Amino acid sequence: MIKIIYTLAHAIFFFGGCIQYFIFNKNSIRAHQALVYFFCNSSGSFNDWCSRLISAWHTPVALPSKIGVLGDLSGPSGQKALQQLRDKGFITFERALPVDVCERLMTFALSSPAIIRPMDGERKSDTPKMSIYEEGKPKAVRYDYVANDLLSNVDVQDLIADNSLIALAEMYLKARPRFDVLSMWWHTNFHSKPDSEAAQYYHFDLDRLKWLKVFIYLTDVRQQDGPHSFIEGSHTSGGIPQSFLSRGYVRLADSEVLSHYGENKEICFAAPKGTIIIEDTRGLHKGNPVHGNSRLILQLQLSNSLFGSLYPKSQLPSKVSPKLEGMIRRAKDVYRAYL
């Protein structure tokens with residue numbers, strides 16, 4: 001009886017949040033908490049059901065082509081990439097981002113202030129500490145760059161206007177994608193133990209109903225440099241055991257994750273700079289602790305809806321690159337989170 005009442009309360013929060021979202025383009029924290037509740041109690045099928053409703057109103061983006069940083073995703077190559085994403089939850093494109101773009105983004109990272117993320121056991125402050133990252137002299141495990149600073153970067157603007165990224169996301173989501181959570185960060189060797197605040201324990205994301213994350217390595221990442229890891233197949237409904245989901249939105253120890261899935265399902269992405277990893281992070285994933293060189297990652301996200309977790313508003317500058325300007329004219333709603 002208590003569970004029925006609890007479920008009904010979450011249903012009210014969720015559908016009330018949906019109404020609020022349709023009217024005001026935003027929802028409450030309780031609506032997002034209700035989404036997490038229904039995801040965990042349905043093993044993911046609730047999200048699938050909601051996403052099918054969104055797909056029913058899908059109007060494709062009128063892309064001039066599907067050619068971009070991922071190559072040509074028209075025809076068989078695009079279908080092959082899509083099938084791997086559906087089956088495994090990830091796909092990698094090694095050295096996809098040109099070297100000169102990697103170098104310019106590295107220059108940006110070494111000259112722009114970043115937020116020093118508090119580590120486990122540290123007190124969070126309303127005023128974050130800012131610092132320019134110095135190679136070989138880290139002050140914490142993780143440094144996060146400000147989304148508005150990233151949106152002012154021309155190379156980032158060109159990436160969020162990339163035809164191939166939009167095309168693959170649209171095929172996977174079966175919906176008009178929305179660029180969403182944008183971030184870039186360093187993982188450093190400040191200390192060698194995993195840090196939960198730096199997302200170095202296995203976890204699933206649930207900011208939205210359905211999404212894809214795009215991880216771009218801007219440094220060479222060897223096994224000792226804290227590569228990103230993913231549990232193959234854990235992105236599907238029922239892919240995460242109920243014994244994990246019943247604990248909610250928590251971090252999980254490697255030992256229990258690998259005990260359930262087996263080490264052969266753990267994919268560690270040691271790869272050269274410029275490598276792009278596309279992943280459905282509804283599946284279990286983490287960043288590994290860094291024992292060698294610090295790693296720099298740029299992350300883009302494309303979602304089928306902006307309903308869900310609340311983030312501070314990020315804003316594109318008034319003047320953007322010609323490539324992004326053209327894409328905004330073509331599909332302005334794809335960038336609603338930034339306009």
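Trainee: Helices here are DSSP runs (H or I, at least four residues), numbered from the N terminus. At what angle do H4 and H8 pack?

Mentor: H4, residues 76-88, and H8, residues 163-173, pack at about 50 degrees, and their axes are 10 Å apart. Axes are lines fitted to C-alpha atoms over the stretch in contact, and angles run from 0 to 180 degrees between N-to-C directions. Keep in mind that this is a predicted model, where local features need pLDDT of at least 70 and side-chain atom pairs 80 or more, while totals for chains, interfaces and linings use all residues. Numbering starts from 1 along each chain as its sequence is written, and side-chain values use heavy atoms, without hydrogens or water.

Trainee: Which residues of H4 and H8 make the contact?

Mentor: From H4 you have Gly78, Gln79, Ala81, Leu82, Leu85 and Arg86, and they meet Leu168, Met171 and Tyr172 of H8. Contact means heavy atoms within 4.5 Å. Six residues of this H4 and H8 contact are nonpolar, two are polar and one is charged. For those classes, Ala, Val, Leu, Ile, Met, Phe, Trp, Tyr, Cys and Pro are nonpolar, Asp, Glu, Lys and Arg are charged, and the others, Gly among them, are polar.

Trainee: Let's jump to the start of the chain. How far apart are the axes of H1 and H2?

Mentor: They are 8 Å apart, and H1 packs with H2 (residues 29-42) at about 130 degrees. On the H1 side the contact uses Lys3, Tyr6, Thr7, His10, Ala11, Phe13, Phe14 and Gly17. H2 answers with Arg30, Ala31, Gln33, Ala34, Leu35, Tyr37, Phe38 and Asn41. By class, the contact of H1 with H2 has nine nonpolar, five polar and two charged residues.

Trainee: And what about H2 with H3, how do the axes cross?

Mentor: The H2 and H3 axes cross at roughly 115 degrees and come within 6 Å. Leu35, Phe38, Phe39 and Ser42 of H2 touch Ser45, Phe46 and Asn47 of H3. That contact of H2 with H3 has four nonpolar and three polar residues, but no charged ones.

Trainee: New topic: how many cavities of 30 Å³ or more are there?

Mentor: On a 1 Å grid over the protein atoms alone, a cavity is a set of points where a 1.4 Å probe fits but cannot get out, while a pocket is an open set with protein on both sides within 12 Å along at least five of seven lines; lining residues have an atom within 4 Å of a point. By this rule there is one cavity of 30 Å³ or more.

Trainee: Which residues line the largest cavity?

Mentor: Phe39 is one of them, and the lining also includes Ser43, Gly44, His235, Ile240, Leu245 and Arg282. The lining divides into three nonpolar, eight polar and one charged.

Trainee: What is the volume of the second largest pocket?

Mentor: About 570 Å³. Of its 22 lining residues, Tyr21, Phe22, Ile54, Asn304 and Ser305 are the closest to the centre. H1 (2-24) and H3 (45-56) are the elements giving two or more residues to that lining, and H1 gives the most, with five. The lining has 13 nonpolar, five polar and four charged residues.

Technical notes. Grid points are joined across faces, edges and corners, and a volume is the space filled by probe spheres set on the points.
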